[in-house]
Amino acid sequence: MRNQWLCGLIAVGLLPGSPAVGADEGKSPPNVVIVFADDLGYGDLGCFGAKGWQTPHLDRLAREGIRFTSFYTAQPVCSASRAALLTGCYPNRLGIHGALGPDHRHGIHHDEVTLAEVLKQRGYATACIGKWHLGHHPPFLPTRHGFDEYFGLPYSNDMWPHRPDLPNNRYPPLPLIEGEKIVNANVTAEDQARLTGWYTERAVRFIERNKDRPFFLYLAHTMPHVPLFVGERFRGSSQAGLYGDVIQEIDASVGAILDTLNRCGVDRNTLILFTSDNGPWLSYGNHGGSAGPLREGKGTVWEGGVRVPCVARWPERIPAGSVCSQPAMTIDLLPTIARLCDAPLPGRPIDGKDISPLLLGDPKGRCPHEAYYFYFGINELQAVRSGRWKLVLPHTYRTMQGQESGQDGKPGRYRQVKIEAPQLYDLENDVGETTDLAAKHPDIASILMAHVEAAREDLGDALTNRSGKNVRPPGRLAD
Ligand code: MG
């Protein structure tokens with residue numbers, strides 16, 4: 001019976017699968033650099049079709065490495081997305097939802113295992129530079145979760161009393177943290193303009209200091225999250241407005257890292273991967289990015305919210321010019337990097353799987369997951385993807401269609417749209433999710449509903465009032 005069912009899945013293109021490649025025995029483990037942009041859209045890099053600004057260094061990663069065209073973040077919002085990247089778990093499994101702010105008293109639980117903790121077991125030096133967003137109280141900071149050093153903002157740069165679009169707001173002063181110490185208690189607009197430069201300098205110094213041992217650098221840019229700020233040197237550089245200038249500064253930061261790797265003689269054995277935490281914040285108009293051909297953006301599970309650009313380069317292992325169109329997700333990076341670095345997996349269940357055949361450009365590589373789940377809000381299961389098919393479940397989402405656009409830092413107002421019945425999309429032929437095929441392919445929709453039921457049982461679903469059997473609590477401050 002099960003065999004028959006599996007054969008059925010393969011026949012309708014729902015179940016790919018290929019053996020994983022082994023760790024490369026005898027070689028020293030690679031250095032790992034992950035650059036994570038904030039709210040950068042699928043269409044914001046030159047190699048993903050951006051017009052109006054240039055991203056030569058990011059395009060170089062794709063040209064000399066691999067470009068993923070169907071790469072996902074686990075949720076279209078900041079904290080949840082970061083929890084997934086760093087733990088290999090769906091963020092709702094860990095109790096991390098939405099975007100944590102200065103009032104929150106919870107964060108990542110100390111029993112969860114981050115990629116930094118995984119790599120430390122192999123002797124890696126580790127640094128987190130930039131936006132953390134997994135809890136700003138000391139027990140939740142990067143230095144308590146596997147990072148030797150930390151420099152950056154503990155949460156988003158718009159949780160800020162000096163916000164131009166929200167004067168007289170009640171946010172407390174925004175701190176800049178080094179290690180566990182506040183080194184600047186009240187970040188100003190001038191400071192925000194220096195953040196990308198400061199992060200880049202720290203990243204360069206970290207690589208220089210650790211070039212003789214394996215290192216893991218997690219550089220999570222504050223930009224291009226609104227309010228946008230750019231370094232003096234890049235103001236007006238793109239001829240395409242502030243957003244373009246900001247992207248060009250991030251691109252130059254990647255260039256500085258590539259130069260440093262080369263200068264330090266570690267270029268060939270370093271895996272550098274660039275991606276984004278979620279899609280563009282469309283209500284900000286010209287201060288938000290572009291999802292390219294994809295539907296909607298940040299805060300929705302349409303492709304524009306969860307599908308993000310991803311490029312990676314590792315000269316020793318990834319063939320130049322590779323392109324991967326198989327689905328992959330940030331939850332897969334921890335087990336994949338653990339495999340490639342010969343590091344042990346966390347001793348607790350995770351959701352990600354080894355996608356090293358995909359990352360290493362094996363044309364026969366296949367997505368090892370039967371399905372990916374897209375949650376948003378406080379645990380609403382809003383969509384599932386399996387193979388080429390995506391089922392969007394009844395829920396309410398936000399759109400700017402028909403609304404007046406935001407401009408120059410002031411947001412427009414979203415309109416809420418309710419989906420009443422499940423909708424089915426063929427992402428291979430309709431990446432823009434324009435044609436609902438649920439009525440035409442009820443068999444495929446019902447196979448995807450079986451995945452949905454499994455996810456509701458495992459992780460819960462607020463839309464159907466289900467509690468997950470296997471969710472874990474976040475860390476909480478003692479009262
Ligand atoms: Mg974000």
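These are my notebook entries on one predicted protein model.

**Ground rules**

I am working from a predicted model, where local features need pLDDT of at least 70, side-chain atom pairs count only at pLDDT 80 or more, and totals for chains, interfaces and linings use all residues. Residues are numbered from 1 along each chain as its sequence is written, and side-chain values use heavy atoms, with hydrogens and water left out.

**Overall build**

I began with the secondary structure. The protein chain has ten helices and 21 strands. Both are DSSP runs numbered from the N terminus: helices are H or I with at least four residues, strands are E with at least two.

Next I looked up the dimensions. The radius of gyration is 21 Å, close to the 23 Å from the globule rule for 479 residues, so the chain is as compact as a globular protein of that length. That radius is taken over C-alpha atoms, and the rule is 2.2 Å times the number of residues to the power 0.38. Along the principal axes, the C-alpha atoms fill a box of roughly 60 × 60 × 50 Å.

I then checked burial. Of the 479 residues, 61% count as buried. Buried means under 20% relative accessible area, exposed means over 50%, and partly exposed lies in between (1.4 Å probe, protein chains only). The chain exposes about 18,300 Å², and carbon and sulfur atoms supply 50% of that. Areas come from the Shrake-Rupley method with a 1.4 Å probe; for residues, only the protein chains shown count as cover.

**Two domains**

I noted domain 1 (28-369) and domain 2 (373-476). The bounds come from an automatic or database domain assignment. Over C-alpha atoms, their centres are 24 Å apart. Domain 1 puts 47 residues into the contact and domain 2 puts in 44. Contact means heavy atoms within 4.5 Å.

I also looked at sequence range. Among contacts between residues at least 6 apart in sequence, 70% join residues at least 24 apart.

**I66**

I66 lies in strand β2 (residues 66-72). I find I66 buried, because its relative accessibility is 0%. Leaving out residues up to four places away in sequence, I66 touches several residues, including C310, V311, A312 and G361. I66 and G361 are 295 residues apart along the chain, yet their C-alpha atoms are separated by 6.9 Å.

**E433**

E433 counts as buried because its relative accessibility is 1%. Beyond neighbours within four places in sequence, its contacts include R295, K390 and Y425.

**P138**

P138 lies in the loop between β4 (125-130) and β5 (149-152). At 40% relative accessibility, I log P138 as partly exposed.

I found a cis peptide bond joining M223 and P224, with omega about 0°. Another cis peptide bond joins V226 and P227, with omega about -5°. P224 sits in the loop between β8 (215-220) and α6 (241-263). P227 lies in the loop between β8 and α6.

I also listed positive phi values. N168, a residue other than glycine, has phi near 60°. N168 is in the loop between β5 and β6 (176-178), and is exposed at 76% relative accessibility. E296 also has phi near 60°. E296 is in the loop between β9 (270-276) and α7 (303-306), and is buried at 10%.
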